[in-house]
Amino acid sequence: EQLEQLLEENHEIISHIKDSVLELTAHADGQPAPPRRDNGSWALPPESRPSFLAVSPQDCQFALGAKGESPDLQMLAVYSLLPFDNQDGGVWKQGFDITYEPNEWDTEPLQVFVVPHSHNDPGWIKTFDKYYYDQTQHILNSMVLKMQEDPRRRFIWSEISFFSKWWDNISAQKRAAVRRLVGNGQLEMVTGGWVMPDEANSHYFAMIDQLIEGHQWLEKNIGVTPRSGWAVDPFGYSSTMPYLLKRSNLTGMVIQRVHYAIKKHFAATQNLEFMWRQTWDPDSSTDIFCHMMPFYSYDVPHTCGPDPKICCQFDFKRLPGGRINCPWKVPPRAITEANVAERAQLLLDQYRKKSKLYRSKVLLVPLGDDFRYDKPQEWDAQFLNYQRIFDFLNAQPQLHVQAQFGTLSDYFDALYKKAGIVPGMRPPGFPVLSGDFFSYADREDHYWTGYYTSRPFYKSLDRVLEAHLRGAELLFSLALAHARRAGADSRYPLSDYSLLSSARRNLGLFQHHDAITGTAKEAVVVDYGVRCVRVAGHAHRDTLALTHTSPQDDTRLNQDSLPERTVVKLDASPRFLVVFNPLEQERLSLVPLLVNSPHVRVLSEDGQPLPAQLSAHWSSATDTVPDLSILARLPALGLRVLQLQKSFDGHTTLQSSVRLYLHGRDVTVRTQEAVPVQVFPAAPDDFCLESQHLRSCFSGSSGLLQVGAGPGIERGWVTEFFIYGTRTSKDKSGAYLFLPDGEAKPYTPKDPPIVRVTEGPLFSEVSSYYQHVQTMVRLYNVPGVEGLSLDVSCLVDIRDHVNKELAMRFSTNIESDDTFFTDLNGFQIQPRRYQQKLPLQANFYPMPTMAYIQDTQSRLTLHTAQALGVSSLGSGQLEVILDRRLMQDDNRGLGQGLKDNKRTCNRFRLLLERRSSANKVQDGRPVSFPSLLSHLTSMHLNAEALVLPVAQQPALPALRSFASLSTTLPCDFHILNLRTLQAEDDSLPSAEAALILHRKGFDCSLEAKNLGFNCTTSQGQLALGSLFQGLELGSLQPTSLTLMYPLGTASNSTNIQLHPMEIATFRIRLG
């Protein structure tokens, strides 16, 4: 019912918006020229400017590599070096025995910081709200009470989603107490994001957005800026995170879930603390100090030292009589005058051993676990007993130790002070590391590579929402600025801002490491889903309000169904559509639309006919409604108005024809008169389809792709589906783990596929209907980005499988050997190597937006619209896991299998590019970049044009197309967001916005010339002053990523320059 109501709300157009962006800019000039019809044939809309590729040679240098020093630790090389033999290390099972000389600390005493923490998951076994009411509010309430009892106590907190909910429910008096605790250094807010995000499946837009949401909240309510990062629970770590934290002015960070073999190796070489540097950084400007925890877990038994049996005795929540005990069978003992000497000595021995794994004489000892410190008794048990130990140790000068409670920054500051450097600099003698920490194994061969695909329906939903939210943010900021400029801001519906704010927070919540990962309980997943649909609703309502349209594009009936496309009903009067292009580049795209009649023609707003292809939308393998694809040039970040008219003149639309091959299956076919369908009872021979740039050949029997050809290049390949089973032994695959029973076996459906071939002038496609998967491969016959890659989608439904995973594998003759490339968070590319010495599941990696293989001749990129697990298990192969259905828990605390599968649509683009100047040395480097075409292809896939039908006939002059940019943005620039900042009253917008730009790194050796997409680069220079049409830039202040710190002084110049790969934030005022 809740969902029904949300969708109803979505469907009510916000009536009080009289003035939309469109009206405010009704008289904008510079309309694109209409298409011509020569002797009845269609001409493509002429280019608004000549097609060219102007990339300056300087801009090509970046991808060729830096002259800088190479890092001491390169993760790809470390992987090649390690034996991964998993030997028994004694009490520290995955490590080794640690010894020390008693006098080692005589000259420089050991400084111990015990850091109390409570890890609060915003949803996992319980929903966010249930955790809050049952546990989190009590933790925070006790914290205020108990921290005030002794100024030596310390505590750290990281999840702002919980903290802000609590803050809204406490008194002014309590808030003042919290501000005092933060001000005097007793309570530290670490990282300060809305959540502690997953780093494998999350996209950098959402990672940054939840970080800004948290930091803005902290600045506004507590007046504090986080200094240290804390990420103890994500299942593996991306190098994107240190970059984002560094750009937000944090100076240190802590990580924990790293492969046990890497921890052991780093411990043995004292490399657990390092400067983490980006692979593409020519100097040290991206370095951030990182501390890796050495042992199995972040709980108390695994944080005081190498022996969990001893450390557990110092977790005073486990004192006898309580609910939890020590699995090692030796319980903690309360500290008394009588036993303090013996207990302190035992604990100090662990501290000293742990300290031997690090280079400095300062030691970090976390003290906490999931949802700890929720009762005053626990605060007393931990803090009073530890204080007795500290008092004893500190009173014994011959022990050479100083122990105390500390925050994370207390620890880092002491370390920097000992090293004699300012925070953020590299301490002398510490190594530099580059690379990432995927994939993670916590023991044996238990690789956490299943969650890269688990619950792909929600991974896909996440990205749809992200695109909607970004679109709404951009439109809202532009509309508000135009309203202000027109002096109409008083009539502008500012209440929409609170919808935007709530959409940000729900999207932020979903980046949590048990949400987008697909590793929460079923009921919690449903709760996330409801919140996510609400994001879509809010973002959507804002979009509708801003564009003056009624909600008629795809609607999701509820959080667990695929969107249904709405049918536009035509009658005597014309219907108007507004199409919003959320990209910063103009695009020539096919705009898809379902109509209730095939008798239709499409005109631009000034009445010129537009080319449109009429084909059939198949609601099943054999049922259809008319589907119209309109070829339209859409302005960058702009709105284009189109009109539909009923028309019985047969020449107004371009026809497509359909061949349906039933492959011996006995089915009835219902068709429309508008689209001729030829039905063949048998299977076809192998056949090919061609467009301007591409040629693709298909197997007649399977309907799957066999040969792919791009401009001047052809590669043979096979597309196949495979099934992975899981082990028969005790450990089986689950939501986290991928534990296959050997190599995949070919997918063998009980019936052969029905194959459908559609051919038309604007696009052609081949669909194959199998029992568990329907695939569609589409070629666009249009110039530019759309026409240069194959559109591939898979509709997957494995709800009748038991303990199976479905994979799609492309096998090509590209000589890629053991090397493949995957992206990290849609931000950067990380080269990977298939490791023969590791089990199959260890060779899978996250693929949020793309993966590619290459040889010296060509590169094949698989672009994806949703995060999934990917690997290359053999030369020339690329394989992606589409969905997994597992009947049991994998013993990581979830207590459930993955049985709530949905019908899920996975969308891809396949791009084959020719490489001109490749060489082996170049390809061996630990850094790689996509081409500009590849970047743009990814953007087209991830930011589809939004089609917004207009409810009623508007007053005609009001509805005009709107181009928000007055100049073309260089095509290596991406407007990540234009985010209106909140006013003092946080439900209202301020006059300022955050403009977040990313300059992409790209590889020039793949550039295809004369392919009909305009692309210029400008060595990172951009004139912001004249960028937004009809708006003036009132002020421009460069800031840190999350706007906490101004960088330099606000200058009068509005010209900016970004380095390749740089993400930069500007506080701007438009109007």
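Reply: The average pLDDT of the chain (the predictor's confidence in each residue, from 0 to 100) is 89, and 90% of the residues score at least 70. Over residues 2-50, however, the pLDDT is below 50, although this stretch has 101 contacts (heavy atoms within 4.5 Å) beyond near neighbours in sequence in the model. Where pLDDT is low, the predicted coordinates should not be read in detail.

Me: What conventions apply here?

Reply: This is a predicted model in which local features need pLDDT of at least 70 and side-chain atom pairs count only at pLDDT 80 or more, while totals for chains, interfaces and linings use all residues. Residues are numbered from 1 along each chain as its sequence is written, and side-chain values use heavy atoms, with hydrogens and water left out.

Me: OK, cavities: how many of 30 Å³ or more turn up in the whole structure?

Reply: The search finds 16 of them, a cavity being a set of points on a 1 Å grid over the protein atoms alone where a 1.4 Å probe fits but cannot get out.

Me: Switching topic, is Thr653 buried or exposed?

Reply: Thr653 counts as buried because its relative accessibility is 8%, and buried means under 20% relative accessible area with a 1.4 Å probe, protein chains only. Thr653 sits in the loop between strand E21 (639-646) and strand E22 (654-655), and, not counting residues up to four places away in sequence, touches Val600, Ala612, Leu614 and Leu628.

Me: Last one, how many residues of H10 are buried?

Reply: Seven of the nine residues in helix H10 (residues 260-268) are buried, so that H10 is mostly covered. The buried ones include Tyr260, Lys263 and Phe266, and among the elements covering the buried residues of H10 are helix H4 (75-81) and strand E11 (288-292). After H10 comes Gln270, with a positive phi near 55°.

Methods:
On a 1 Å grid over the protein atoms alone, a cavity is a set of points where a 1.4 Å probe fits but cannot get out, and a pocket is an open set with protein on both sides within 12 Å along at least five of seven lines; lining residues have an atom within 4 Å of a point. Grid points are joined across faces, edges and corners, and a volume is the space filled by probe spheres set on the points. Helices (H or I, at least four residues) and strands (E, at least two) are DSSP runs, numbered from the N terminus. Buried means under 20% relative accessible area, exposed over 50%, partly exposed in between (1.4 Å probe, protein chains only).
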